[in-house]
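Subject: Structure handover

Hello,

Here is the structure we discussed, with its sequence.

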Amino acid sequence: MQTIDSFNFADKKAFIRVDFNVPLDENFNITDDTRIRAAIPTLKKILKDGGSVIIGSHLGRPTGPTNKYSLKHILPRVSELLDVDVQFANDCIGEEAESKAAALRPGEALLLENLRFYAEEEGKPRLPEGASEEETTAAKKAVKESQKEFTKKLASYADVYVNDAFGTAHRAHASTALIADYFDADHKLFGYLMQNEINAVEKVMSETERPFTAIMGGSKVSTKIELIKNLLNKVDNLILAGGMTYTFVKADGGKIGNSIVENDKLDLAKEIVELAKQKGINLVLATDAKLADSFSNDAKIDFGSVKEIPDGWEGLDIGPESEKIFTEVIKNSKTILWNGPVGVFEFDNFDKGSRAVADAIVEATQKGAFSLIGGGDSVACINKFGLADDVSYVSTGGGALLEMIEGKSLPGIKAIRGY
Ligand code: AMP
């Protein structure tokens, strides 16, 4: 299989799918350009080889063409970061895009308008509210049909397809997966970002050095069931923390006060505990908590056992004893996966537990462990503590990363390497 390094792009046109879905303020200023910066090395490599690029992305969740989600707002920043005057096509398919793509010379770049201005990108019909079942079925069929033409059109611009949009790798969309069918095996490849993400997950999930510890935090167990179940087949230590702690504690007969709980998941919590026992996995739960008398940074604070929380109080962070237990396990690990803060890290008064976890991960990494941080809030958390550069890898993909850890095959990856 070709890689971004092995492929010589000289005189080739590359269609590159990136994830430029960046946050914009009301004046269309980019408030965080991380996602654009993440794709720059791949774009630069292609241009440096003497190739040209046609860049495709989505922005937001438009239901049709709209200025609000136009990629033209980010064009100046892309040009600046790439150090090339990037051209723009006001429509991702059609005459303008076609002629501009055809006219690209080596070293030139063209950014296409938001791919999701077309329902064909996602292959989901955009129906008026109250559409009948019949209309829905017909519209679904129609968009699947027109999706083929749309995909073929995008593919027709280029000689080679590059996917560097890890954030959408779990979607079987036109530009993230279906388009790959129009290129032969030697002319489709991953960009650097995508390759790095895949390598990091594989290092954790299949080339695992033991002991392997996963720390799962966040608010709810319900959103992490598949993740936890798959990890039970892989890890040596599973630290379950954050808000989900209290569903486990309640299932075990503890008194949790006003702490967050999912009452319909008590049996599931028991099942997870039983499964861990059967598999001989060290399941680690918090023993004590930092308590608050309201869900607020300025709440009154107390400490106590997770099993004896008085009414009117809730656990918003782990306590000192749990901190010790967690960090001891983490520091002795060789592979670490962290998804989800162990407390309400957004409140400065309740971020100490997550900070201790982050510090322990950094220490283990310094001693040679491989640490992967990913999936939404744990990335925000490691960034808050300024430690992103001190762990092995911080993933850019929320849903895509989690699906990989769940053991699923991602359409965007399979389309290129076949599995
Ligand atoms: P998730 O998206 O499921 O990973 O949840 C992340 C959120 O969980 C963060 O916003 C945290 O503030 C929240 N969280 C962590 N610990 C707790 C807790 N003990 N009680 C309530 N929310 C929590």
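Contact here means heavy atoms within 4.5 Å. The model is a predicted one.

Helices α10 and α11

In that sense, Glu-323, Phe-326, Thr-327, Ile-330 and Lys-331 of α10 touch a set of residues in α11: Lys-352, Gly-353, Ala-356, Val-357, Ala-360, Ile-361, Glu-363 and Ala-364. Helix α10 covers residues 320-331 and α11 covers residues 352-366; their axes are 8 Å apart and the packing angle is about 20°. Angles under 35 degrees count as roughly parallel, and α10 and α11 are therefore roughly parallel to each other. Their crossing is right-handed.

Helices α1 and α2

Helix α1 (residues 34-48) packs against helix α2 (residues 75-82) at about 55°, with 10 Å between the axes. This angle makes α1 oblique to α2. The crossing of α1 and α2 is right-handed. On the α1 side the contact involves Ile-36, Arg-37, Ile-40, Leu-43, Lys-44 and Leu-47, and on the α2 side Arg-77, Val-78, Leu-81 and Leu-82. The contact of α1 with α2 has 7 nonpolar and 3 charged residues, and no polar ones.

Ligand site

There are 13 residues around the ligand, of which Ser-219, Lys-224, Gly-315, Glu-346 and Asp-377 come nearest. Ser-219 places a backbone N or O atom 3.0 Å from a ligand oxygen atom. For Asp-377, a polar side-chain atom lies 3.4 Å from an oxygen atom of the ligand. A backbone N or O atom of Gly-243 is 3.3 Å from a nitrogen atom of the ligand.

Regards

Key. Residues are numbered from 1 along each chain as its sequence is written. This is a predicted model: local features need pLDDT of at least 70, side-chain atom pairs count only at pLDDT 80 or more; totals for chains, interfaces and linings use all residues. Side-chain values use heavy atoms; hydrogens and water are left out. Axes are lines fitted to C-alpha atoms, for helices over the stretch in contact, and angles run from 0 to 180 degrees between N-to-C directions. Helices (H or I, at least four residues) and strands (E, at least two) are DSSP runs, numbered from the N terminus. Angles under 35 degrees count as roughly parallel, over 145 as roughly antiparallel, 65 to 115 as roughly perpendicular and the rest as oblique. A crossing is left-handed if the near helix is turned anticlockwise from the far one by less than a right angle, and right-handed if clockwise. A residue is near a molecule or strand if one of its heavy atoms lies within 4 Å of it. A polar contact is a pair of N or O atoms within 3.5 Å; within protein, one must be able to donate a hydrogen and the other to accept it, and residues adjacent in sequence count only if both atoms are side-chain atoms. Ala, Val, Leu, Ile, Met, Phe, Trp, Tyr, Cys and Pro count as nonpolar, Asp, Glu, Lys and Arg as charged, and the others, Gly among them, as polar.
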